[in-house]
Structures are given as C-alpha cells and as structure tokens.
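Please keep the model open while reading this note.

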Amino acid sequence: MTHLKDKAALITGSTSGIGLAIAHALAKAGANIMLNGFGDAKEIEALRSSLEKTYHVSVGYSAADVANKEALETMVENTVKELGGVDILVNNAGIQYVAPVIEFPDEKWEAILAINLTSAFRLSKLALPYMIKADWGRIVNIASAHGIVASPFKSAYVAAKHGLVGLTKTVALEQAESNITCNVVCPGYVKTPLVEKQIAEQAKAHKISEDAVVRDVLLQSQPNKKFIKPENLADLVLFLCSDSAEGMTGEVISMDGGWTAH
Ligand code: NAD
C-alpha cells in the first residue's frame, strides 16, 4: 500500500503510544514523516532511523514543545525544508491531569489547553498555506471520547478535547471546497505506555489487582471492556488520509468500544 508516497506528514507526540503507531502506518503507506515528542535522544534517533530503513521513506525529528509558539513555527519550517511541504498534519500530542475543579491548579489548566488545543490551532494555521499551495491536505486531530462526553475530575482535558472537536468542524467548513479535509478521531481507552503506568499505580492505590483496575476503574465506561489498539486507531487515521476519505470532512469519528453509545 503506497498511496501516500511522497506526501509529507507531521505527527505531534509521535515518539510514543498512538502517535508512534500513526507514524508507522503512514510511513508504511509511503509518507515521509516528521516525528515530534519528548524522550531519550538516543532512543528517538534509533526509532527515526529504524522507521527510515523499514519503510524506505525520509523521517525527520523535531523536539518542539507544542506549547511553544516559536518552536511550532520552526518545526513547520523544518518539515517544509526537509520533506518538501506539510501535506498531512496529525495533532496528537496530549497530556492529562486529574483533580476536582476547586483544586485544579491554574498552571495545569493552562498547560493542557496549550498542548491539547492551542497547538492544533497554531499548527493548522501554519500548515494550511502549504496544503492550499499543494491543492491537497489532510488534518487529523486526535481528541478522545472526552471530546464528546465528560467525566469528573478531568475539566481541562474535557474542555480542551471538546474544543478540538469544535476547531475541527470550523477548519473543515473553511476548507470545504478545497481538497483539504479536517477530521477528529475520538478514542476510548488505548493501552499506551501512559495508561500502562496508570494501571500499576491505581492497583497500588486502590489495593486491587491490575485486572480489577482495568475492568472496574479504567474500562468502567467502555462497554466492550477492551482497550482500543493503537494500530487500529492508526489504520483509521490512514484511511482518513486516503483519497477514499475525500468526502469525509468535519467528521467526529469514535473508536471507543461503545463508550459514547451510552
Ligand atoms: P503518550 O503519553 O503515550 O504519548 C504522548 C506523546 O505526546 C509523547 O510522544 C510525548 O512525548 C508527546 N508530548 C507530550 N507533551 C508534549 C509537548 N508539550 N510537546 C510535544 N510533544 C509532547 O500518550 P497517548 O496515550 O499515545 O496519547 C496520544 C493522544 O491520544 C493524546 O492527545 C491523548 O489525549 C489521546 N488519547 C489517548 C487515550 C488513551 O487512552 N491513551 C484515549 C483517548 C485519547
């Protein structure tokens, strides 16, 4: 499957979890990739070069903190310099913090809004001119079931993800007559390193088994009681980037094991 050959894809938060799975799927389909995210420099370099060798595509890396406006500008400039444009933008980087509103630290609110929402606005603004010039583009935003429904103690995350859904629809409408689509994917719980860490911590905190944490705490809202697989989400993103999805824009697409069917 090489239908994304020579397309340039910038994927935020792609050194781990869902973003990394998306990088694999798009590279496998022939896209050149700009990785972004934090982590050990040696491990990231090993990852970058192994993606290049495995899929025979160009892979760059930007250490940009997506909360930093200037860093985003530089990342987009470097993507254009190294990969020839920005045809695909996946806004995936995200963080979480859990506390009731009355105790929620202001700086955590601001960080979550900056990383999970404002970065997607800024990167869309920076990448769209290149997509318009190329007369083709795909923006895929990674929100969450929390972009559609809420849970207690996650005010900033829920607000940011709902905001991302709204941003997606607006960008889609503005670009509706062009060959640029903008869609948002809303996953339920996905077993990424982040969630694996939570399972161990919660088991300790609640003094229950890890299986009980998965079933009764994390997957309480997810009727199928199974984690979403990162590679399945990546296949959905790949489809949204394909020409077969040209008629899909402004769509809010769930992969949440029935969560939002409640
Ligand atoms: P993860 O922690 O495994 O990966 C997050 C990535 O974002 C990492 O590469 C990290 O380095 C990067 N990142 C974090 N802050 C950054 C910043 N300021 N600048 C640049 N990069 C930054 O998490 P994940 O589970 O793969 O989550 C990816 C996205 O999917 C997030 O937006 C998250 O909200 C969303 N999501 C996750 C789940 C889940 O259950 N794991 C469910 C729904 C939605």
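The points below go from the ligand to the residues around it, then to single positions elsewhere.

1. Basis. This is a predicted model: local features need pLDDT of at least 70, side-chain atom pairs count only at pLDDT 80 or more, and totals for chains, interfaces and linings use all residues. Residues are numbered from 1 along each chain as its sequence is written, and side-chain values use heavy atoms, with hydrogens and water left out.

2. The ligand sits in the largest pocket. A pocket here is an open set of points on a 1 Å grid over the protein atoms alone, where a 1.4 Å probe fits, with protein on both sides within 12 Å along at least five of seven lines. To sit in it, a molecule needs more than half of its atoms within 2 Å of its grid points. Helix H1 (17-28), H5 and helix H6 (193-206) each give two or more residues to the shell around the ligand. Helices (H or I, at least four residues) and strands (E, at least two) are DSSP runs, numbered from the N terminus.

3. Which residues come nearest to the ligand? Of the 29 residues around it, they are Thr15, Ser16, Asn92, Tyr157 and Val190. The criterion for being near is a heavy atom within 4 Å.

4. Thr15 places a polar side-chain atom 2.7 Å from a ligand oxygen. Ile18 uses a polar backbone atom, 2.8 Å from an oxygen atom of the ligand. For Phe38, a backbone N or O atom lies 2.8 Å from a ligand oxygen. Taken alone, the ligand exposes 830 Å², and the protein buries 91% of that. Accessible areas come from the Shrake-Rupley method with a 1.4 Å probe; for residues, only the protein chains shown count as cover.

5. Asn92. This residue is in the loop between strand E4 (88-91) and helix H4 (106-134). Asn92 counts as buried because its relative accessibility is 11%. The classes are buried under 20% relative accessible area, exposed over 50%, and partly exposed in between (1.4 Å probe, protein chains only). Not counting residues up to four places away in sequence, Asn92 touches Thr12, Gly13, Ile18, Gly19 and Ile142. Contact means heavy atoms within 4.5 Å.

6. Asn116. Helix H4 holds Asn116. Buried or exposed? Asn116 is buried, because its relative accessibility is 3%. The side chain of Asn116 reaches the backbone oxygen of Ile95 at 2.9 Å. Beyond its neighbours within four places in sequence, Asn116 is in contact with residues including Ala93, Gly94, Tyr157 and Leu164. Asn116 and Lys161 are 45 residues apart along the chain, with 7.0 Å between their C-alpha atoms.

7. Asn141. Strand E5 (137-142) contains Asn141. Its relative accessible area is 0%, so Asn141 is buried. The side chains of Asn141 and Asn91 are joined by a polar contact of 2.8 Å. A polar contact of 2.9 Å links the side chains of Asn141 and Thr168. A polar contact is a pair of N or O atoms within 3.5 Å; within protein, one must be able to donate a hydrogen and the other to accept it, and residues adjacent in sequence count only if both atoms are side-chain atoms. Leaving aside neighbours within four places in sequence, the contacts of Asn141 also include Ala120, Leu164 and Cys182.

8. Gly147. This glycine is in the loop between strand E5 and helix H5 (155-174). Gly147 is buried because its relative accessibility is 6%. Apart from neighbours within four places in sequence, Gly147 is in contact with Lys161, His162 and Val165. Gly147 and Val165 are 18 residues apart in sequence and 6.3 Å apart in space, C-alpha to C-alpha.

9. Positive phi. Please check two backbone angles. Phe153, in the loop between E5 and H5, has a positive phi of about 75° although it is not a glycine. Phe153 is partly exposed, because its relative accessibility is 47%. Lys225, in the loop between helix H7 (210-217) and helix H8 (230-241), is not a glycine either, and has a positive phi of about 55°. At a relative accessible area of 29%, Lys225 is partly exposed.

10. Lys133. Helix H4 includes Lys133. Lys133 counts as exposed because its relative accessibility is 73%. Lys133 and Ile148 are 15 residues apart in sequence and 33 Å apart in space, C-alpha to C-alpha.

How values were computed. 1 Å grid on protein atoms, 1.4 Å probe; cavity = no way out; pocket = protein on both sides within 12 Å on 5 of 7 lines; lining within 4 Å.
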